Amino acid sequence: MKKDFKTIRILVVDDNPLILISMSRFLKKISLVKTVSTAEEALDVIKEQHYDLCFLDVTLPGMTGLDAMKLIKELSPNTKVAIMTGTLLDEAMREQVDDYAYTFLEKPFALSDIEGVAKRATIALNQ
């Protein structure tokens, strides 16, 4: 079945409530969205429901986004993970992003950047 914005499932993981609220409000116009504030919560919801795209912050309380990214790819290999961060990544972290992530977004980003990632992910899911 072909995916489109109305059928794509997106998970947003960030400990900043303003990012969760703004991304949720924006993405709900074009897709099905769930938000959580920790990596552990993200893993729990991915075990219960498939998500096509996951926007995942690197710096989270508890487990880091990079550690969660690897587990998400094990639990749900078809989920596209878009890493988000406002901090500089060292070489080892950058390699992990290159190896496991679908794309990388540097904070601050525009909502149009989020929409672009969702559109590209939808196209990739249909190939």
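Author: Keep in mind that this is a predicted model. Strand S1 (residues 9-13) and strand S3 (residues 53-57) pair in the parallel sense, over four bridges.

Reader: Which residue is the bridge partner of leucine 11 in S3?
Author: That's cysteine 54.

Reader: And what's the strand order in the open sheet?
Author: The five strands run S2-S1-S3-S4-S5, with parallel pairing. Strand S2 (32-36) and strand S5 (103-106) are the edge strands, each pairing on one side only. On average, neighbouring strands are turned by 20 degrees against each other, ignoring direction.

Reader: OK, helices now. At what angle do the axes of H2 and H3 cross?
Author: Roughly 5 degrees, and the axes of H2 (residues 39-48) and H3 (residues 65-75) come within 10 Å. Angles under 35 degrees count as roughly parallel, so H2 and H3 are roughly parallel to each other.

Reader: Which residues make the contact?
Author: From H2 you have Ala39, Leu43, Ile46 and Lys47, and from H3 Ala68, Leu71, Ile72 and Leu75. By class, that's seven nonpolar residues, no polar ones and one charged.

Reader: Switching to valine 97: buried or exposed?
Author: Buried, because its relative accessible area is 4% and the cut-off for buried is under 20%. Valine 97 sits in helix H4 (residues 91-100).

Reader: What does valine 97 touch, leaving out residues up to four places away in sequence?
Author: Leu66, Met69, Ile83, Leu89 and Phe104.

Reader: And how far is its C-alpha from that of glutamate 115?
Author: The two C-alpha atoms are separated by 20 Å, with the residues 18 apart along the chain.

Key
Residues are numbered from 1 along each chain as its sequence is written. This is a predicted model: local features need pLDDT of at least 70, side-chain atom pairs count only at pLDDT 80 or more; totals for chains, interfaces and linings use all residues. Side-chain values use heavy atoms; hydrogens and water are left out. Helices (H or I, at least four residues) and strands (E, at least two) are DSSP runs, numbered from the N terminus. Buried means under 20% relative accessible area, exposed over 50%, partly exposed in between (1.4 Å probe, protein chains only). Contact means heavy atoms within 4.5 Å. Axes are lines fitted to C-alpha atoms, for helices over the stretch in contact, and angles run from 0 to 180 degrees between N-to-C directions. Angles under 35 degrees count as roughly parallel, over 145 as roughly antiparallel, 65 to 115 as roughly perpendicular and the rest as oblique. Ala, Val, Leu, Ile, Met, Phe, Trp, Tyr, Cys and Pro count as nonpolar, Asp, Glu, Lys and Arg as charged, and the others, Gly among them, as polar. Two strands pair if DSSP finds at least two bridges between them.
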